[in-house]
Amino acid sequence: MSTPGTEDRPPTIAVVARAAGVSPSTVSRALNREHRFYRSPSAARIREVADSVGYAPNPVAANLRRRQTNTIGVLVPRLTDTVMAMLYEEISDASLKRGYHTLVATTHDDPGREHENGDMLLQRRVDGLILTTARTDGGFCRDLAEKGIPHVLALRTHGDSAAAVGDDRLGGYLAARHLIDLGHRRIALVAGPDYASSALGRRAGYEEALREAGLPVDERLILPSTFSMESGEETGRHLLALAPRPTAVFAVNDNTAIGLLAAVQRAGLRTPEDLSVVGYNDIPLASRLAMPLTTVRVPFDAIASAAVDQLVDLVAGVPAGTQTFAPTLIPRRTTTRMA
């Protein structure tokens with residue numbers, strides 16, 4: 001018999017719990033798509049009971065109770081960087097599939113702006129952060145960990161936070177091994193900044209391949225860059241002025257490789273006859289250049305999807321670790337066998 005005045009009230013979680021013979025908190029977990037319990041047979045049975053009693057969840061009220069906004073904050077160095085723009089779009093798409101929206105802010109790889117804009121996103125009550133801006137010293141990531149703020153790193157890591165990254169060491173190895181297999185022995189490296197784990201991993205793979213082939217790691221052939229076309233062109237001018245000149249170059253970023261190709265052309269030289277070039281990431285422009293770029297393809301879609309899944313788990317209180325995805329070498333016309 002119903003309590004007077006309750007006939008028209010919708011069933012509550014407490015009603016579902018009594019009907020299913022479980023606690024209200026268990027019902028909440030069974031109805032929460034972001035909780036791992038949701039995928040269990042027990043949770044499916046509880047949802048069947050909820051349907052049978054006519055329970056309809058109120059997502060707005062649920063979010064208010066959990067203080068969730070179903071919004072993810074994303075920090076990237078800059079959206080003018082094709083790699084970061086591509087990754088952000090993949091993160092946004094993956095988030096929508098999980099019922100989340102995204103807010104993005106840029107840092108220009110400046111630690112001060114990373115703190116400032118990260119705090120700004122948190123003030124907008126995002127449920128957590130995905131950062132592509134991690135530095136090897138931890139920095140802002142350590143602050144987030146100390147405060148218990150859910151966050152996941154993408155592409156770069158500092159070793160402690162949950163992360164979704166490419167296997168940069170393997171990618172660097174594949175790039176250098178490709179050039180070695182073509183007969184090159186004087187192979188230069190246009191390295192990225194030493195605060196980025198991605199650049200350090202690619203350099204480590206390059207050095208591993210050289211040592212495996214019995215070739216020396218010549219520090220004179222290793223020059224830093226800032227992941228930009230301008231940096232690649234400037235670095236290319238330095239490499240082309242060396243005597244003897246390298247016969248091949250691995251640039252740890254496609255933008256840098258494209259700048260390097262410009263330096264070769266300006267010097268009156270030819271790619272790949274005078275200098276074979278390998279890039280990294282496989283941005284859309286790489287295959288559409290007049291001389292399509294040999295590069296290492298990174299699975300941005302898989303990395304973005306994993307980062308979102310990990311963050312959703314963290315928000316739900318489920319621990320997350322690090323997932324690593326293998327890159328693929330894509331040979332094109334900027335590399336050739338040594339004469």
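1. Contact here means heavy atoms within 4.5 Å. Helices (H or I, at least four residues) and strands (E, at least two) are DSSP runs, numbered from the N terminus. Axes are lines fitted to C-alpha atoms, for helices over the stretch in contact, with angles from 0 to 180 degrees between N-to-C directions.

2. The model is predicted: local features need pLDDT of at least 70, side-chain atom pairs count only at pLDDT 80 or more, and totals for chains, interfaces and linings use all residues. Residues are numbered from 1 along each chain as its sequence is written, and side-chain values use heavy atoms, without hydrogens and water.

3. An open sheet of six strands runs E2-E1-E3-E4-E5-E11, with parallel pairing (two strands pair if DSSP finds at least two bridges between them). Neighbouring strands are turned by 20 degrees against each other on average, direction ignored.

4. E1 (residues 71-76) is joined to E2 by six bridges in the parallel sense; Ile72 has Thr102 of E2 as its bridge partner. Helix H12 (residues 300-315) packs on this sheet and touches E1, E3, E4, E5 and E11. The direction of H12 makes about 170 degrees with that of E4.

5. Four strands form another open sheet, ordered E7-E6-E8-E9 and paired in parallel. E7 (222-224) and E9 (276-278) are the edge strands. The twist averages 20 degrees from one strand to the next.

6. Three parallel bridges link E6 (residues 187-191) to E7, and Val190 stands opposite Leu223 in E7. Helix H10 (residues 229-240) touches E6, E7 and E8, at about 150 degrees to E7. Helix H11 (residues 254-266) lies across E6, E8 and E9, at about 160 degrees to E9.
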